[in-house]
Amino acid sequence: MRVIGVGNILLCDEGIGIHVVRELSSRGETPGVEFVDGGVAGAALLNLVEGEERVVLVDAVDAPFPPGTVVRMTPNEVAASGAAAWSLHDLNLADTLGMMRLRETLPEMILLGVVPADIETYSLELSEPLAARFGEIVEKVRSEIAAFAASPRP
């Protein structure tokens, strides 16, 4: 299974997916899981996802919940929502998923979005609300990854 963190670490909480994936990777406690820093992947996301059996994508998500909330979505839910909120920088996620559907290369996949507090300030650090909840966010993402890995294949 591949876990991909995406985002721009120069824009405060916009990089939350990368911060979380780096933290989980550094722990070395998840055998069989490959952690990847996808940066501002955009169209390159296709190369990181296609060919994998199972993928978890971690990114900042614009959702009507308090900062630090982890939102779990499937590709079908992203497609149904219109998913402008799930922007992957130069190509939105709904478009990327649509391309993989057309190419019949869409793996089994979940998307874990973390609601940011600040995606406008140039900073390598997380905002205070996300920094304060970082351990909780990482644990929630870790438990979602474990549940997904343990779930039966369709």
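This is a predicted model: local features need pLDDT of at least 70, side-chain atom pairs count only at pLDDT 80 or more; totals for chains, interfaces and linings use all residues.
Residues are numbered from 1 along each chain as its sequence is written. Local features need pLDDT of at least 70, side-chain atom pairs count only at pLDDT 80 or more, totals for chains, interfaces and linings use all residues, and side-chain values use heavy atoms, with hydrogens and water left out.

User: Which strands stand at the edges of the sheet?
Analyst: Strands are DSSP runs (E, at least two residues), numbered from the N terminus, and two strands pair if DSSP finds at least two bridges between them. The open sheet has five strands in the order β2-β1-β3-β5-β4, with mixed pairing. Each edge strand has a single partner, so one side is left without a neighbour in the sheet; these strands are β2 (34-39) and β4 (70-73).

User: Which residue of β5 is the bridge partner of Asp-59?
Analyst: Strands β3 (residues 54-60) and β5 (residues 108-114) run parallel and are joined by seven bridges. In β5, the partner of Asp-59 is Gly-113.

User: Is Arg-2 buried or exposed?
Analyst: Arg-2 has its place in strand β1. Buried means under 20% relative accessible area, exposed over 50%, and partly exposed in between (1.4 Å probe, protein chains only). With a relative accessible area of 12%, Arg-2 is buried.

User: How far is the backbone oxygen of Leu-48 from a polar atom of the side chain of Arg-2?
Analyst: Contact means heavy atoms within 4.5 Å. Not counting residues up to four places away in sequence, Arg-2 touches several residues, among them Glu-34, Asn-47 and Leu-48. From the backbone oxygen of Leu-48 to a polar atom of the Arg-2 side chain, the distance is 2.7 Å.

Methods. Helices (H or I, at least four residues) and strands (E, at least two) are DSSP runs, numbered from the N terminus. A polar contact is a pair of N or O atoms within 3.5 Å; within protein, one must be able to donate a hydrogen and the other to accept it, and residues adjacent in sequence count only if both atoms are side-chain atoms.
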